[in-house]
2 protein chains.
Amino acid sequence: MKAFVTVMPKNGVLDPQGKAIGHALGTLGFSGVGEVRAGKVIELELSETDPARAKAAAEEMARKLLANTVIESFKVELAPESQR
Amino acid sequence: MKAFVTVMPKNGVLDPQGKAIGHALGTLGFSGVGEVRAGKVIELELSETDPARAKAAAEEMARKLLANTVIESFKVELAPESQR
């Protein structure tokens, strides 16, 4: 089963990468772009077949390794049933 | 309107970051983890209010700046209506 862990900087945490992207979009001529935030997404192929347990495992991985929960928040999504 | 651009390495492209995460999960005692791929997600706050045009603008930004389309694929999603 595939799980996607999305990690974003928490609100209020400085996000220099997002700021740099926003600035670069401006210099490329894109207008109407407000705040930009940059995060990461980790796609995990899990052998667990039970959705609830797969999600719990991915959350545990996010807490222990993938996200720095002091400054980052994360969410776990499982791939739609058709793609499992 | 909020748009999310998700950028992932294309299939077959070496992903050292994903490999490193997979290895680290193994040393932390997580079993049953197969392939791991690491990508990025960019959250854009757009002033455009028309969903179709907002999506087209975000796709243009992805092609021009956010993704390296030689080795990365991207997808654009708009925030659900309730969060716009």
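Predicted model: local features only at pLDDT ≥ 70, side-chain atom pairs only at ≥ 80, totals over all residues.
Figure 1. Local features need pLDDT of at least 70, side-chain atom pairs count only at pLDDT 80 or more, and totals for chains, interfaces and linings use all residues. Residues are numbered from 1 along each chain as its sequence is written, chains are lettered from A in the order in which they are written, and side-chain values use heavy atoms, with hydrogens and water left out.

**Figure 2. The contact takes 29 residues from chain B and 29 residues from chain A**. Contact means heavy atoms within 4.5 Å. The two chains bury about 2300 Å² between them, 72% of it on carbon and sulfur atoms; buried area is the accessible area (1.4 Å probe) lost on putting two parts together, summed over both. B:Phe30, B:Val41 and B:Glu43 supply 22% of the area that chain B buries against chain A, more than any other three residues.

**Figure 3. Strand S2 of chain A pairs with S2(B)**. Eleven bridges join strand S2 (residues 33–46) of chain A to S2(B), and the strands run antiparallel. Strands are DSSP runs (E, at least two residues) and helices are runs of H or I of at least four residues, numbered from the N terminus; two strands pair if DSSP finds at least two bridges between them. A:Val33 has B:Leu46 as its bridge partner in S2(B).

**Figure 4. A rotation of 180° superposes chain B on chain A**. The shift along the axis is 0.0 Å and the RMSD is 0.0 Å, so the two copies are related as by a two-fold rotation axis. The superposition is by least squares on the C-alpha atoms of residues with pLDDT of at least 70 in both copies. B:Lys40 comes closest to the rotation axis of the residues of chain B, at 2.0 Å (C-alpha).

**Figure 5. A:Arg63 forms a salt bridge with A:Glu60**. Their closest N and O atoms are 3.5 Å apart. Both residues lie in helix H2 (residues 51–66) of chain A, three residues apart, about one turn of the helix.

Key: Salt bridge = Lys/Arg side-chain N within 4 Å of Asp/Glu carboxyl O.
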